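Reader: Please take me through the helices and sheets of this model, one point at a time.

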2 protein chains.
Amino acid sequence: MDQQIVLDHGTGARLSRELVEFVVEVLADVYLGEMEDSAILPPLDGALAMTTDSFVVDPPFFGNGDIGKIAVCGTVNDLAVAGAQPRYLTLAMILESGLPLAQLHRALESVRDTAREAGIKIVAGDTKVVGAGEADGIFLNTTGVGVFTSPPKRMKDVTVGDKILLSGPIGDHTIHLLSVREGLGFESNVLSDCAPLNGMIDAVRGAVPESAVRSMRDVTRGGLNAVLHEYASAVGHALRVEEEALPISFETAMAADMLGINPINCANEGCLALFVAPEHADDVLRTLRAHPYGKGAVVIGEVTERPDPVVELTGKDGRVSEVEELQGAELPRLC
Amino acid sequence: MDQQIVLDHGTGARLSRELVEFVVEVLADVYLGEMEDSAILPPLDGALAMTTDSFVVDPPFFGNGDIGKIAVCGTVNDLAVAGAQPRYLTLAMILESGLPLAQLHRALESVRDTAREAGIKIVAGDTKVVGAGEADGIFLNTTGVGVFTSPPKRMKDVTVGDKILLSGPIGDHTIHLLSVREGLGFESNVLSDCAPLNGMIDAVRGAVPESAVRSMRDVTRGGLNAVLHEYASAVGHALRVEEEALPISFETAMAADMLGINPINCANEGCLALFVAPEHADDVLRTLRAHPYGKGAVVIGEVTERPDPVVELTGKDGRVSEVEELQGAELPRLC
């Protein structure tokens, strides 16, 4: 375990095979593959969901998580917010020559533990090795397949009057990672929110009629700002959000202020935005708050009648201003 | 198009969205997604195949292909050799800041053209951007889902007496890439064999009874050597190969000799190994040779009765020697 990844781990011969065996051994019971080139998997009865994400998190290991956990959460959450049940996951790794095998082991343990919690199976994997300086330690890709046991949730099903809910605070993940990356000292006070959200989503969907939750999105890259603009465009109506309702922890607000960034632009890894029929908003809120990952759930706004695809913020003084879509968030590699 | 990839292309805000729109526009008719987080896909009736591969090809653009073509072929071929019909493909990109947009465009056009040829749809994508020096230009990941319309082909179905066939020459892809990479001057004489093999595989399966082809493998990383050792281990019998039967072009043999490498250890991207019931070997050979990607098909050996998982080579002088499994191939980043 004091070994390092070397180029020969990536060339398809004996060392490659040993690396694959190492990966499969760590993944243990969440690994469903058969070590053939393609996994052979039981049929899925229904329409399929499929999504892919590469992860280039910097730093790859942080206070309460790592790139392995994020890589499983990111893809599980993308399937779950579409309304699908996550089933099959692939795991591909690009490893930089010199990476300590112990770090790979740690990331794989996180993959295993998070896949277990989310109830998804790893069905196929891939390892590639590049030279020192040709990548940055460890990059992961996960691709997930889910099955729809009820109709998919689509952005276009959102309608005027729908309430906009968040399952918890925004900005924590970004502040935590920036703090670890830059040595700012906030990282023990503000933890990443990284979590698989499919269990909480199942709880919500079980508590209200199927049509009550119109659409969901996990608030990741681009932050709440990007999500709201995406929905405003898709729905063709202004979304109005109350500044005072935005869930931002005291420490995160302070740190963000110091860093000159706005939490609504910050990437998260376990924050769920929900668009909910107004008559069911209370029930959804109650169900979210009863779940460990939704304790900080709040209603932050609603879809208005105004037929313009914009995002409005009602300030603490009652004045309404327009939130501009960012050109770039200037905070790379948080997921 | 004289623009470059910048970090803001990866941060989830407006530039990210524009990059995704650019990708989808180039992919055109092979793109099936809906720009939601997960693609929503028609059900597949049968057991599923799933496989993933990351591609770190160096150089990413070469004489008769590029990383985009390889990324589609690699995953399509992994599905097809398992006996599945390739259906859905995801495409994830890790782009180094500074990459010319024109290069990305070129790689995406290859993805599109190859997906068209293979009859597979791109259903979801992802783009991540890292800083200059944190990756090497462009890394791709493709993950594919296929459906089994007849029983999967498994290694363990190979049995004593089966003939081992190759669809064409070995070593060309490696020699071509090394030549481009190192400026050796062979690259116009020896082209990469990179090709989607599912059409040829369908032709073979249509020409003989289903059980005639026991198992198939595309001969990629680790070369023929790795494939033969993998099968010898799975089958538990010695595989014997005739040195004189190995399809190696004159130019590739010369170049390999000069470089001190053996074509049986070289990565290929369009070479198919088939294990075939002896009474159907001639029919399979004829069908392969009638296909543009199988003109150089040959029988190279067979599965012997010897109950040891080894690979034997019968030399031109009739002497039998054992082929050792390589520790590493020492030729990184050919796929």
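Reader: Which exposed residues does the face of H7(B) turned away from its buried side carry?

Author: This is a predicted model, in which local features need pLDDT of at least 70, side-chain atom pairs count only at pLDDT 80 or more, and totals for chains, interfaces and linings use all residues. Residues are numbered from 1 along each chain as its sequence is written, chains are lettered from A and ligands numbered from 1 in the order in which they are written, and side-chain values use heavy atoms, with hydrogens and water left out. Buried means under 20% relative accessible area and exposed over 50%, with partly exposed in between (1.4 Å probe, protein chains only); helices (H or I, at least four residues) and strands (E, at least two) are DSSP runs numbered from the N terminus. On the face turned away from the buried side, the exposed residues of H7(B) are Phe250(B), Met254(B), Asp257(B) and Met258(B).

Reader: Why do the buried residues of H7(B) lie on the same side?

Author: The buried residues of helix H7 (residues 250-259) of chain B are Thr252(B), Ala255(B) and Ala256(B). The arc is taken from the directions from the helix axis to the C-beta atoms. These residues are on the same side of H7(B) because the arc they cover around the axis is only 100°.

Reader: Which strands are the edge strands of the open sheet of seven strands in chain B?

Author: Two strands pair if DSSP finds at least two bridges between them. With mixed pairing, the order in chain B is S9-S11-S8-S12-S10-S13-S14. Each edge strand pairs on one side only, and these are strand S9 (213-218) and strand S14 (320-323) of chain B.

Reader: Which residue in S12(B) does Leu165(B) stand opposite?

Author: Strand S8 (residues 163-166) and strand S12 (residues 298-303), both of chain B, pair in the antiparallel sense over four bridges. Opposite Leu165(B) stands Val299(B).

Reader: What angle does the direction of helix H3 of chain B make with that of S5(B)?

Author: The open sheet of five strands has mixed pairing and the order S1(A)-S2(B)-S7(B)-S5(B)-S6(B). Its twist averages 15° from one strand to the next. Helix H3 (residues 101-118) of chain B packs on the sheet and touches S5, S6 and S7 of chain B (contact: heavy atoms within 4.5 Å). With axes fitted to C-alpha atoms, for helices over the stretch in contact, and angles running from 0 to 180 degrees between N-to-C directions, the angle between H3 and S5(B) is about 175°.
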